Amino acid sequence: MRFAPLLLCLLVFAFRSDKPAYRLYDQKLKPTTYARLLRQAAEADVVLFGELHNNPICHWLELQLMKDLHAEKKGALVLGAEMFETDNQQALSDFVQGRTTGKEFANRARLWPNYDTDYQPLANFARENKILFVATNVPRRYASLVARQGLAALDTLSADAKRQMAPLPLTVDLTLPGYRAMLDMMGSSTHGGSSGPASGAHTNPHGGSSDQAANFARAQAIKDATMAHFILQNLKPGQTLLHLNGDYHSKNFEGIVWYLRQQRPNLNILTLSSVESPDPDKPADESRGLANYVLAIPADMTKTY
């Protein structure tokens, strides 16, 4: 027993010298495990993995979760990602089903600059296992159109173009904290809340800064709504759809989550929010409640770009 204090000191020293690449916490910031995350993810209808686009730990853990869910769900796993736009669905499907090569895929689709390092391993795993992979994001030209001209500009699009996004008319609630924070960050003085399909950029008829800020928030909303729409379009009973998206689009249970809930209030949704912290063992209190799971990563973690 006389060695017990010495052993305890050695254990404490060993723990303090550890350099964890990440820590997982629950919604209340209580430490939790990957095994628990996997178990609950396998039981969910939709899993929204809110990533930091240039963080290698996010992309590595996405791949691990994808592999383990594939094993758990035994063929009942569907994948979806913000990084692929809906008008590139055929190109993505052809690659995943083995009908085209990686080079042909790159020539046909608008791939993100960090695709090779961050998303190609995920697409390759889907290809190797013939997993349905859904391109969920609105084509960027339509989001840009909303940012410039407002929601009303979408009414001028062709029927084919409209099939590549969430059904119109689209309601955007600018009072939601995420969109509200975006307006505040841009110095908007926009008042009011929800904007219907015809409201577009009518807050300021002269096109002032508040008008532009509101349209920028609406452009984010058309992305959120479109991702939610195509998630639901491709989800069948008994399946789990693992969706990869920037953390902004699902943190605080807003964005994609809000639009999913508008159509399917009882959907079993699990969210994960990624944060960077000077000390992953001591996440900031502001991370509390961001998601069902909080992925804390060292702030000095290397970046992929």
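Helices (H or I, at least four residues) and strands (E, at least two) are DSSP runs, numbered from the N terminus. The model is predicted, so local features need pLDDT of at least 70 and side-chain atom pairs count only at pLDDT 80 or more, while totals for chains, interfaces and linings use all residues. Residues are numbered from 1 along each chain as its sequence is written, and side-chain values use heavy atoms, with hydrogens and water left out.

The chain contains 11 helices and 9 strands. Of its 305 residues, 50% are buried. Buried means under 20% relative accessible area, exposed means over 50%, and partly exposed lies in between (1.4 Å probe, protein chains only).

Strand E8 spans residues 269-277. Most of E8 is covered, with 8 of its 9 residues buried. Two strands pair if DSSP finds at least two bridges between them. E8 pairs with strand E2 (residues 46-51) in the parallel sense, over 5 bridges. Here valine 46 has isoleucine 269 of E8 as its bridge partner. E8 also runs parallel to strand E9 (residues 293-298), and 6 bridges join the two. Serine 277 stands opposite proline 298 in E9.

Helix H2 covers residues 34-43, and its buried residues include Leu37, Leu38, Ala41 and Ala42. These four lie on the same side of H2, because they cover an arc of only 125 degrees around the axis. The arc is that of the directions from the helix axis to the C-beta atoms. An α-helix has 3.6 residues a turn, so residues three or four places apart point the same way. The buried residues of H2 pack against strand E1 (23-26), E2, helix H3 (56-73), strand E7 (240-246), E8 and E9.

Helix H6 (residues 115-129) has 15 residues. From its first C-alpha to its last, H6 reaches 19 Å, close to the 21 Å expected at 1.5 Å a residue. The expected span is 1.5 Å times one less than the number of residues. H6 has a kink of about 30 degrees, centred on proline 121. The bend at a residue is the angle between axes fitted to the seven residues ending there and the seven starting there. Buried residues in H6 include Tyr115, Asp118, Tyr119 and Leu122. Ala123, Phe125 and Ala126 are buried in H6 as well.

Some backbone angles stand out. Most residues other than glycine have a negative phi, and most peptide bonds are trans. Lysine 130 lies in the loop between H6 and strand E4 (133-137). This lysine 130 is partly exposed, with a relative accessible area of 45%. Leucine 29 also has a positive phi, about 65 degrees, although it is not a glycine. Leucine 29 sits in the loop between E1 and H2. Leucine 29 is buried, with a relative accessible area of 13%. A cis peptide bond joins leucine 168 and proline 169, with omega about 0 degrees. Proline 169 lies in the loop between helix H8 (159-162) and strand E5 (172-173).

Technical notes:
Contact = heavy atoms within 4.5 Å.
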